[in-house]
Amino acid sequence: MGLEERWSSRRVATVAFAMGAVMATGQAPLGWWWATLAALAGLVTLVSRAKGARRAFWAGLFGGAGYFAIALSWIVEPFLIDAAQYGWMAPFAVTFLAFGLALFWGAAAALSAGARHRALGFAVALAVAELLRGYVLTGFPWALPGHVWIGTPLDQTAAYIGPNGLTLVTLMAAALPVAWGWRGVLAAGVALAGLAYGGQMRLDQPAPANRDVTLRLIQPNAEQHLKWDESLARMYFDRQLELTRVEPVADLTIWPETAVPYLMEYSPEIVPEIMAASGGRPVALGIQRVEGERFYNSLRVLERDGVIAAEYDKHHLVPFGEYVPFGDLLGDWFGITAFASQAGNTYTAGSGPAVLNLGLMGKVLPLICYEAVFPQDVGGAPGRADWILQITNDAWFGVWTGPFQHAAQARLRAVEQGLPLVRVANTGVTEVVDARGRVVKALPFGTIGALDVALPGSLPPTPFARFGQTPVILLLAGLALATLRRRGQATH
């Protein structure tokens with residue numbers, strides 16, 4: 001490779017990285033979907049004009065790396081909680097994560113290099129890659145390109161084709177102008193306008209009636225670097241008790257993920273305190289629990305006299321955050337128990353999605369933190385719930401992007417399922433979302449407070465709730481056959 005050719009390759013990589021970075025501004029909290037479309041069209045142009053699969057791969061890789069480096073920049077925040085000890089890891093974390101996820105984009109670009117329709121082929125291949133990203137190695141479908149529409153009328157399309165369908169729409173809208181010129185611009189504009197119009201019509205329909213239930217959402221705003229300080233644990237616990245006992249007490253009070261700094265098994269005296277604060281009415285708690293040598297990240301619902309009326313253990317754990325992959329095998333095979341959940345060194349996964357029957361409060365589908373980003377987990381619940389409850393502690397993710405992206409993705413679960421979402425977070429975003437994904441009421445981010453709100457009603461099951469990802473997978477398979485056919489291959 002000559003000097004001029006090397007310089008050209010570096011320039012393409014630099015431009016691709018910049019295009020990806022601009023694309024990320026479409027994600028929450030900015031929501032600049034128009035910037036995403038423009039930059040994505042630029043990236044499609046670079047990939048479709050690259051000479052050969054190798055150069056296309058590098059263009060796709062650096063485009064993806066720029067996108068994920070900005071969209072997932074919040075990943076450095078957990079390492080800065082104790083910066084003196086872990087801060088040095090932050091640059092490596094964002095670099096490895098960005099380029100690791102960008103491998104999906106690079107592979108999609110390389111796959112499209114020899115296709116008859118390169119621009120459209122890249123869009124379809126990337127849509128397939130983003131679908132796979134939600135499943136491979138337990139999945140990480142955070143910051144999908146289709147998420148840029150959350151909070152706009154176009155997000156209602158997710159009720160029919162889900163988040164990966166929205167991603168396909170986004171990618172095709174950017175690729176059509178590259179493939180067809182002004183006709184592509186017109187086609188993309190008409191398609192997006194039509195979907196937005198249909199979404200607005202859906203939003204304009206009458207909302208289902210609220211349930212005759214009042215919820216109180218507790219936001220203690222415990223700073224992550226102080227949350228587990230033994231000298232402050234009681235203060236944060238008492239803060240939640242005070243917010244719970246404010247008159248008139250609610251029908252159901254909800255505390256966020258890991259809100260209780262004590263293990264109920266070893267500190268049973270906390271249960272009467274909680275029930276006294278709620279006036280004997282039910283309280284849903286984010287709490288850790290222990291069973292033998294195993295620890296679980298759990299939700300427990302306490303009723304009068306402190307009876308545990310319902311319980312759920314988080315089943316989709318964060319790799320390396322809540323468990324070490326293959327940690328139990330290391331213990332069983334090599335005697336290395338430092339990473340084994342069965343030895344109590346990490347969390348143990350629960351049995352799977354669940355629907356809890358809370359009587360007058362209806363049937364609830366509980367999600368703990370990370371689980372809200374997986375549409376397949378929500379769709380895999382055993383039966384249909386009346387509402388979705390997400391408890392979370394987003395203090396890990398800072399105050400700039402992470403908590404707002406997390407909340408936006410949770411909102412999309414409401415649209416997909418036609419179910420209201422109640423979200424209770426330690427520092428925020430704490431909010432109630434109706435069955436069409438609109439925020440009904442919310443607490444200011446980063447404040448101490450309690451939010452009293454009526455539980456919104458639910459809609460009938462949406463097409464996505466009934467059929468899940470299957471229609472989109474079939475559509476992608478058909479489009480892949482049509483657009484990724486190799487050049488020179490005969491058509492019939």
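This is a predicted model: local features need pLDDT of at least 70, side-chain atom pairs count only at pLDDT 80 or more; totals for chains, interfaces and linings use all residues.
The protein chain contains 17 helices and 12 strands. Its radius of gyration is 24 Å, close to the 23 Å that the globule rule gives for 492 residues, so the protein chain is as compact as a globular protein of that length. Taken along the principal axes, the box filled by the C-alpha atoms comes to roughly 75 × 55 × 40 Å.

Two packed helices are described by the angle between their axes and the distance between the axes. For helix H6 (residues 90-112) and helix H7 (residues 118-133), the axes come within 8 Å and cross at roughly 145°, and the crossing of H6 and H7 is right-handed. On the H6 side the contact is made by Leu101, Phe104, Trp105, Ala108, Ala109, Leu111 and Ser112, while H7 brings Arg118, Gly121, Phe122, Ala125, Leu126, Ala129, Glu130, Leu132 and Arg133. Sorted by class, the residues of this contact of H6 with H7 divide into 11 nonpolar, two polar and three charged.

H6 gives the most to the lining of the largest pocket, with six residues. The lining of the largest pocket has, by class, 29 nonpolar, 10 polar and six charged residues.

The largest cavity has a volume of about 80 Å³, and 13 residues line it, of which Lys227, Tyr236, Gln240, Thr258 and Ala259 are the closest to its centre. Helix H11 (residues 230-245) gives the most to the lining of the largest cavity, with four residues. In the lining of the largest cavity there are nine nonpolar, three polar and one charged residues.

The backbone also holds some local features to examine. Most residues other than glycine have a negative phi, and most peptide bonds are trans. Against that background, a cis peptide bond joins alanine 28 and proline 29, with omega about 10°, and proline 29 lies in the loop between helix H1 (3-23) and helix H2 (33-49). Another cis peptide bond, also with omega about 10°, joins glycine 428 and valine 429; valine 429 is found in the loop between strand E9 (421-425) and strand E10 (431-433). Alanine 143 is a residue other than glycine with a positive phi, near 60°, and its place is in the loop between H7 and helix H8 (158-180).

Note on methods. Residues are numbered from 1 along each chain as its sequence is written. Side-chain values use heavy atoms; hydrogens and water are left out. On a 1 Å grid over the protein atoms alone, a cavity is a set of points where a 1.4 Å probe fits but cannot get out, and a pocket is an open set with protein on both sides within 12 Å along at least five of seven lines; lining residues have an atom within 4 Å of a point. Grid points are joined across faces, edges and corners, and a volume is the space filled by probe spheres set on the points. Helices (H or I, at least four residues) and strands (E, at least two) are DSSP runs, numbered from the N terminus. Ala, Val, Leu, Ile, Met, Phe, Trp, Tyr, Cys and Pro count as nonpolar, Asp, Glu, Lys and Arg as charged, and the others, Gly among them, as polar. Axes are lines fitted to C-alpha atoms, for helices over the stretch in contact, and angles run from 0 to 180 degrees between N-to-C directions. A crossing is left-handed if the near helix is turned anticlockwise from the far one by less than a right angle, and right-handed if clockwise. Contact means heavy atoms within 4.5 Å. The radius of gyration is taken over C-alpha atoms; the globule rule is 2.2 Å times the number of residues to the power 0.38.
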